[in-house]
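I opened the notebook to record what I looked up in this structure.

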Amino acid sequence: MSETLREIKELTDASYEYGFSTDLDTDIAPPGLTEDTVRLISAKKDEPEWLLAWRLKAFEAWKSMDEPDWAKLEIQPIDYQSLSYWAAPTQKPVLDSMDDVDPDIRDMFDKLGIPLHEQKMLSNVAVDAIVDSVSVTTTFKKTLAAAGVIFCSFSEAVQDHPDLVREHLGSVVPVRDNFFAALNSAVFSDGSFCYIPAGVRCPMELSTYFRINSQNTGQFERTLIIAEDDSHVSYLEGCTAPQRDENQLHAAVVELVAKDRSEIKYSTVQNWYPGDENGVGGIYNFVTKRGRAHTEAKISWTQVETGSAITWKYPSVILQGDRSVGEFYSVALSSKRQQADTGTKMIHIGADTTSSIISKGISAGHGQNTYRGLVKVLRSAKNARNYTQCDSLLLGSECGAHTIPYIEVKNPSAQVEHEASTSTVGEDQLYYCRQRGMTEEDAMSMIVNGFCREVFDELPMEFAVEAQRLLSVSLEGSVG
Amino acid sequence: MLHVESLTASIGGTPILNGLDLDIGSGEIHAIMGPNGSGKSTFAHALAGRDGYEIGGTVTLDGVDLLDLEPEARAAAGVFVGFQYPVEIPGVNNMYFLRTALNSVRRARGETEIGARDFLAVAQDAMDLVEMKQDFLHRAVNAGFSGGEKKRNEILQMAVMEPRLAVLDETDSGLDIDALRIVASGVNALRGPERSMIVITHYQRLLDYIKPDFVHVLVDGRIVESGDHTLALHLEDHGYADFVNHDLDDTPERPLSGAAR
């Protein structure tokens, strides 16, 4: 038994392969957060007056709010005045083609396996690359424009499509929603914007790749996706960060607006630096993601969370329109000293709304993994249905798995189902695979990937392969 | 081909195998019978290299010392165990599992890996052998399989792995008469001059279908009697009483636990 435990420990103490940092010339604001900081950011971005006013309102709200303390997380106190709220690689602000991208940045993305040259790209995926707080390039813009799809950095959207931004910004996640959302609303620097016109099926996958590079900076992106009536879009995001000894704060907000009969599929592979085996360093990933689904619209969240020292994240769906559909598929891995408190909220407002939740939590090392989910059926949500399945897998004896479902039903016609299971990777499973010739490492990886199958099946092909590989890497160590 | 000498095995100081000797020639089938707790399954696990046992003695396969090898290296050397309680591996496609297994041993032997298309042909032949339908390959390994399907899956794996030594641990337990016939005919089809088998069973019934060259009686972790198939018939009529000269040791054998049941 102790032999197996030791091996599991080795398997899960993997090193982080994206831990390099790139020496970029960077424009960094001095640490500290005051109204002047908010004004500075807005000015740097040459924003219209209404947006500055919106930020300042959020900042006022934030000052009176407290950090949430209800999650099952141990968080070192964060000194918000010691962080820098603006960091941008200094380069020409306007890019006409990929050739204008700083070669150092291109090299960095090549190293990450995300080539920004369109001819080298994965087929049919457009990428918005964001370093620290600023979008550095967006690929395939012309192809998308031909279909009427707008895919650009948030800053560009503010300049080029102010009416769309103004109408929808904060419409799903209001500035006062929570402490981190308020902070983001005050100081967000960039992010991705995406607009799919009515009746259009987006001709390619859209993808944002986030990279934190600078030290002692917070990262606050804002993503807004608007799908008009009868449109369809699949959106992917990936995240990595250098290996550093300090904790870094990442507080993003994502808002999805799915109009009548539209569909938004949002997939995340989050691999921020998780810290080392002693819990030193790593990203604090405090993210607010929410979508509003109008009549017969469908919003589907798929997340694979393998990184970050702490993950606090509940991608949610407001099922506002009748017959709207919400889905949440999640794999969360907590290894080393990682902590994850993640899940979803499904708010049923419309009649005949349905939601499903499939959550797979994997705990290894000293990791702590909590599923926290709310299924809320309002009085108006006649015949609402929810199905929830939460499975936890424990690798080793020093980790923890917790499942905290909240169910609030105000309409008696609702049907809500919840299933939960906890299992371990059995010695007998490993033995069975090894008797068939597989190494222990391959066997572990196969079993864990099998456990996550239902979620991986929801990912687009390239991401599914990436997710499997990531999971294997996160579990692999000095063995083999 | 297989040489077992003075093999001992214990768990936490409790002895289970107490000096087991056995020699098996190439192409031979040896049946091992014995009462509950006599160490039959432990023998299979000792050959496969399961963790948790203290092992002594000698086991060589074609001159290679197996006891020094990890389980996966023993598999590469040609050892295959058809388990009494095959475990379930949810979410892992049966075909993917099989191909990974086959390619793992091929890699370990320095052979080229087999591609998906060629593998399909190999798998198809194996499926025909145990009368499995196509959808079988696309289900998760043993998950939701009936008892009979699990045992047929073990024989399917054996057909794909083409082992040098197959150890079938109570492959007949939990099978109805039709499934028994399918499993036995699969095993018989896999007999060959280069493949030896150890068939562990409680009952003579299986040996009506799979004719062993030798039958051994295992009692208290030792082979106490060996003979041809008529020995099995004798056991059927008289039980193990002739070979057990004291109260049965109730030390339980160690089944694969957890997800298997």
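My entries follow, and they concern a predicted model.

**Chain B overall**

I began with chain B. I found eight helices and 12 strands in its secondary structure. I then looked up the radius of gyration, which is 18 Å for chain B. The globule rule gives 18 Å for 261 residues, so I noted chain B as being as compact as a globular protein of that length. I also took the spans of the C-alpha trace of chain B along its principal axes, about 55 × 40 × 35 Å.

**Six-stranded sheet, chain B**

I traced an open sheet of six strands in chain B, in the order S6-S9-S10-S3-S11-S12. I noted its pairing as mixed. Which strands stand at the edges? They are S6 (79-82) and S12 (222-227) of chain B. Each has a single partner strand, so one side of each is left without a neighbour in the sheet. From one strand to the next, the twist averages 20°.

I went on to the pair S11 and S12 of chain B. Strand S11(B), residues 214-219, runs antiparallel to S12(B), and five bridges join them. I picked out Val217(B), which stands opposite Glu225(B) in S12(B). Next I checked helix H8 of chain B, residues 229-238. H8(B) lies across S3 (29-33), S11 and S12 of chain B. It runs at about 45° to S11(B).

**Four-stranded sheet, chain B**

I found another open sheet in chain B, with four strands in the order S2-S1-S4-S5. Here the pairing is antiparallel. Its edges are S2 (14-24) and S5 (64-65) of chain B. Both have a single partner strand, so each is left with one side lacking a neighbour in the sheet.

I counted seven bridges between S1 (residues 2-11) and S4 (residues 54-61) of chain B, which pair in the antiparallel sense. Within that pair, Leu2(B) has Leu61(B) of S4(B) as its bridge partner. Helix H1 of chain B, residues 40-48, packs on this sheet and touches S1, S2 and S4 of chain B. Its direction makes about 70° with that of S2(B).

**H5 and H6, chain B**

I compared the axes of H5 (residues 147-161) and H6 (residues 177-189) of chain B. They come within 10 Å and cross at roughly 10°. That makes H5(B) roughly parallel to H6(B). On the H5(B) side I listed Gly148(B), Lys151(B), Arg152(B), Ile155(B) and Ala159(B) in the contact. H6(B) brings Ala179(B), Ile182(B), Val183(B), Gly186(B) and Val187(B). By class, the contact has six nonpolar, two polar and two charged residues.

**H2 and H3, chain A**

I turned to chain A. How do H2 (residues 35-44) and H3 (residues 49-63) of chain A cross? Their axes come within 10 Å and cross at roughly 150°. H2(A) is therefore roughly antiparallel to H3(A). I noted the crossing as right-handed. Glu35(A), Val38(A), Arg39(A) and Ser42(A) of H2(A) meet Leu51(A), Leu52(A), Arg55(A), Leu56(A) and Phe59(A) of H3(A). Five of these contact residues are nonpolar, one is polar and three are charged.

**Where the chains meet**

Last, I looked at the contact between the chains. I found 21 residues of chain A in contact with 25 residues of chain B. Helices H1 (2-12), H9 (427-435) and H10 (440-451) of chain A each supply at least two residues of the side that touches chain B. H9(A) gives the most to that side, with seven residues. I sorted the chain A side by class: seven nonpolar, seven polar and seven charged residues.

Note on methods: Residues numbered from 1 in each chain as written. Chains lettered and ligands numbered in written order. Predicted model: local features only at pLDDT ≥ 70, side-chain atom pairs only at ≥ 80, totals over all residues. Pairing = 2+ DSSP bridges. Axes fitted to C-alpha atoms, helices over the stretch in contact; angles between N-to-C directions. Contact = placed C-beta atoms within 7 Å. Nonpolar A, V, L, I, M, F, W, Y, C, P; charged D, E, K, R; others polar. Parallel < 35°, antiparallel > 145°, perpendicular 65-115°, else oblique. Left-handed = near helix turned anticlockwise from the far one by under 90°. Rg over C-alpha atoms; globule rule 2.2 N^0.38 Å.
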